[in-house]
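Hi,

Here is the model I promised to pass on.

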Amino acid sequence: MERLNFSSSSNFSRIIYGMWRLANDANTSTKHISNKVNLCLDQGITTFDQAAVYGLYTAEALFGSVLKKTPSLRHKIEIVSKCGIVNPSDRYSSATFSHYDTSREHIFDSVDASLKNMSTDYLDLLLIHRQDPYMDHLETGKALDDLVLSGKVKEVGVSNFKPWDFRLLQSGMKSPLITNQIEMSLAATDAFTNGDLAFHQEEKTTVMAWSPLGGGKLMSNNGLLGKALAKIAANQNVDMAAVAVAWILAHPAKICPVMGTNNLDRIAKISDAMKVKMDRETWFELYTASFNDGVLPWRLP
């Protein structure tokens with residue numbers, strides 16, 4: 001498995017295992033979750049993506065049950081988590097309306113809860129989960145800086161930020177924002193042309209792609225895209241998911257896809273995407289097929 005340096009002191013596996021569906025699995029036992037983790041490790045996938053809000057604030061503790069049972073595992077992996085979303089729940093029983101909170105108090109409380117739930121004393125990477133239109137970038141930035149200084153968080157970044165939001169928060173910080181996790185797939189290609197990816201390429205910031213299989217929609221596509229994926233998959237003796245992820249991996253921006261399946265067989269095949277040969281013409285064949293009419297908007301007649 002390829003590894004990438006996100007900064008001078010952070011190193012993550014090229015493919016990341018996402019745990020946003022962890023609590024939705026029919027089996028949430030420690031043994032079953034441990035099997036998922038081990039399948040990832042067997043492929044060199046060592047980076048695990050979490051968030052406070054996942055599973056309505058239960059997914060981190062489920063993952064933590066594995067780390068608590070096998071403490072030595074912590075030094076073999078990297079943990080990414082996110083904060084900033086408040087939903088009415090057992091954790092936020094006084095909340096009556098879902099909202100974002102990027103205040104210093106909320107960020108610190110959320111990180112402390114994440115550390116406790118995952119039985120660890122530090123996060124390798126903390127992300128602000130969503131752009132907060134009510135954000136005081138100076139307060140949020142200072143809070144992130146102080147978390148890094150405290151050692152509770154090694155690195156910081158964001159998720160779902162537009163370039164101008166990224167710049168604003170960074171302007172109130174001393175620590176670098178080392179990543180932005182955004183939606184990118186053959187079912188969501190806007191970031192490739194709307195300036196989101198171009199901004200991070202210019203800034204030399206590594207991007208993580210969430211939902212790289214379009215929430216599973218790509219696997220059930222019966223149109224031009226589905227046929228193109230199936231053809232390439234058959235030719236290279238892999239499944240369609242591997243081809244769809246390889247399409248993201250092939251981009252020169254060195255995007256890191258976050259894979260979130262609960263199926264053990266699919267988890268075992270995640271790294272197949274690294275085997276797929278994806279040249280420029282094949283990349284554009286899939287990109288073009290992702291448009292409903294199979295014709296790029298700028299293609300000449």
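Which helix gives the most to the lining of the largest pocket? That is α9, with three residues. Before the rest, some ground rules: this is a predicted model, where local features need pLDDT of at least 70, side-chain atom pairs count only at pLDDT 80 or more, and totals for chains, interfaces and linings use all residues. Residues are numbered from 1 along each chain as its sequence is written, and side-chain values use heavy atoms, with hydrogens and water left out.

Pockets first. A pocket here is an open set of points on a 1 Å grid over the protein atoms alone, where a 1.4 Å probe fits and protein lies on both sides within 12 Å along at least five of seven lines; lining residues have an atom within 4 Å of a point. A volume is the space filled by probe spheres set on the points, with grid points joined across faces, edges and corners. Helices (H or I, at least four residues) and strands (E, at least two) are DSSP runs, numbered from the N terminus.

The largest pocket has a volume of about 750 Å³. Its lining counts 35 residues, and Trp20, Arg21, Met259, Gly260 and Thr261 lie nearest its centre. At least two lining residues come from each of α2 (54-57), α9 (240-249), β12 (256-259) and α10 (264-268). By class, the lining has 13 nonpolar, 13 polar and nine charged residues (Ala, Val, Leu, Ile, Met, Phe, Trp, Tyr, Cys and Pro count as nonpolar, Asp, Glu, Lys and Arg as charged, and the others, Gly among them, as polar).

The second largest pocket holds about 220 Å³ of space. Among its lining residues are Phe192, Leu197, His251, Trp283 and Phe284. α11 (280-289) and α7 each supply at least two residues of that lining, and α11 gives the most, with three. The lining divides into seven nonpolar, two polar and two charged residues.

Then there is His106, which sits in helix α4 (residues 104-117). His106 is buried, at a relative accessible area of 7% (buried means under 20%, exposed over 50%, partly exposed in between, with a 1.4 Å probe and protein chains only). Leaving aside neighbours within four places in sequence, His106 is in contact (heavy atoms within 4.5 Å) with Gly84, Ile85, Val86, Tyr92 and Asp101. The C-alpha atoms of His106 and Cys83 are separated by 8.4 Å, though the two are 23 residues apart along the chain.

Cheers
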